[in-house]
Amino acid sequence: MTATAAGCTIGLRGVGKSFARRDGTTLAALSAVDLEAAPREFITIVGPSGCGKSTLLKILAGLTTPSSGEVMLNGEPVRGPRRDVGIVFQSPVLLPWRTALQNVMLPITIYRQPQAPALRRAAELFELVGLTGFEDNYPFELSGGMQQRVAIARALIHAPGTLLMDEPFGALDALTRQMMNIELTRIWDADRKTVVLITHDIAESIFLADRVLVMSARPGRIVETIEVGLPRPRHISVMSDPRFTAHVARIQHLLGVGEAASGGH
Ligand SMILES: Nc1ncnc2c1ncn2[C@@H]1O[C@H](COP(=O)(O)OP(=O)(O)O)[C@@H](O)[C@H]1O
Ligand SMILES: [Mg+2]
């Protein structure tokens with residue numbers, strides 16, 4: 001079987017990435033990453049800072065070319081940015097001189113798609129992300145969490161089959177972040193896409209996912225895949241479920257969290 005297996009919307013096989021350094025040496029950021037995602041599967045990737053998570057997502061998005069390996073999306077090799085993908089970055093990167101609605105409509109303008117059906121869809125998306133009534137507000141009038149929800153609506157406006165998110169809630173405070181996690185599972189439950197979400201937050205990686213891929217320190221490899229197996233829709237109370245806490249402990253162990261502190265046990 002290859003990474004292009006039928007029914008697989010994302011397939012990475014043996015993907016590596018090295019960067020040339022100024023001193024003439026090379027830096028291996030990723031090494032031999034294999035990943036397969038089924039349609040409408042929610043995958044999260046958790047790993048230490050600098051292990052190549054953003055590089056991996058950029059490769060998936062066609063924004064970075066891998067040094068080795070094969071990247072397939074919806075049965076086609078990825079050779080550049082694609083319309084069937086929506087991307088959400090760590091900061092919302094909204095255009096400050098455009099209203100929330102104008103920001104959400106940006107991909108429609110760029111891809112020259114018809115405005116009228118997109119405006120109807122934008123109204124639905126504002127409803128979905130809980131921002132109805134804020135269409136005409138400028139980014140500076142919105143909180144960080146609201147701006148990130150605008151960015152999510154913008155990533156969904158052209159109805160991509162795949163959503164790629166790179167630490168989308170990394171800049172938010174813990175409470176807003178938890179609320180955004182609940183919000184995101186609700187949005188995904190309403191309109192299931194194939195999602196790959198990068199995070200360094202262990203609880204977030206489990207709460208959102210069908211499967212968690214755990215990455216090693218650089219050069220990043222996937223060291224373990226965890227089937228979450230918790231029922232949906234998920235309530236925040238799932239975090240005290242023994243299966244949830246067992247996953248947390250396993251990922252902490254894989255990432256070497258608290259090893260120094262737990263000596264003697
Ligand atoms: N364009 C680039 N040129 C050179 N080195 C890079 C580039 N992008 C990333 N790197 C290096 O690759 C490694 C992985 O980076 P990154 O994918 O951003 O990690 P993460 O998102 O997991 O924190 C880091 O050591 C980083 O310095
Ligand atoms: Mg990163």
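Student: Where is Pro219 placed?
Tutor: Pro219 is in the loop between strand 9 (211-215) and strand 10 (222-227). Strands (E, at least two residues) and helices (H or I, at least four) are DSSP runs, numbered from the N terminus. The model is predicted: local features need pLDDT of at least 70, side-chain atom pairs count only at pLDDT 80 or more, and totals for chains, interfaces and linings use all residues. Residues are numbered from 1 along each chain as its sequence is written, while chains are lettered from A and ligands numbered from 1 in the order in which they are written.

Student: What kind of peptide bond joins Arg218 and Pro219?
Tutor: The bond is cis, with omega about -5°. A cis peptide bond also joins Arg232 and Pro233, again with omega about -5°. Pro233 is in the loop between strand 10 and helix 8 (242-255).

Student: What makes Thr55 count as buried?
Tutor: A residue is buried if 20 or more other C-beta atoms lie within 10 Å of its own, exposed if 12 or fewer, and partly exposed in between, with C-beta atoms placed from the backbone. Thr55 has 21 such neighbours inside 10 Å, so Thr55 counts as buried. Thr55 belongs to helix 1 (residues 53-61).

Student: Which residues does Thr55 contact, leaving aside its neighbours within four places in sequence?
Tutor: They are Lys17, Ala29, Leu30 and Thr64. Contact means that the C-beta atoms of two residues, placed from the backbone, lie within 7 Å.

Student: Does Arg112 count as buried or exposed, and why?
Tutor: Arg112 has 7 C-beta neighbours inside 10 Å; that meets the limit for an exposed residue, so Arg112 is exposed. Arg112, not a glycine either, takes a positive phi of about 50°. This residue is in the loop between helix 3 and helix 4.

Student: Which residues of helix 4 are buried?
Tutor: Ala118, Ala122, Leu125 and Phe126 are buried. They cover an arc of only 100° around the axis, which puts them on the same side of helix 4. The arc is that of the directions from the helix axis to the C-beta atoms. On the other side, Ala116, Pro117, Arg120 and Glu127 are exposed. The buried residues pack against helix 2 (100-104), helix 3 (106-110) and helix 5.

Student: Which residues of helix 6 are buried?
Tutor: Arg177, Met180, Asn181, Leu184 and Ile187 are. Their arc is only 130°, which places them on the same side of helix 6. Leu175, Asp189 and Ala190 are exposed on the face turned away. The cover over the buried residues includes helix 4 (115-128), helix 5 (144-156) and helix 7 (202-208).

Student: What makes a set of residues a nonpolar core?
Tutor: Its members are buried Ala, Val, Leu, Ile, Met, Phe, Trp, Tyr and Cys residues joined through C-beta atoms within 7 Å. The largest such core here has 64 residues, and Leu60, Ala153, Leu164 and Val196 have the most contacts inside it. Helix 5 gives the largest share, 6 residues.

Student: Into which domains is the chain divided?
Tutor: They are domain 1 (31-84 + 162-257) and domain 2 (96-160); such bounds come from an automatic or database domain assignment. Their C-alpha centres lie 24 Å apart. The contact takes 13 residues from domain 1 and 10 residues from domain 2. On the domain 1 side, helix 6 gives the most, 5 residues.
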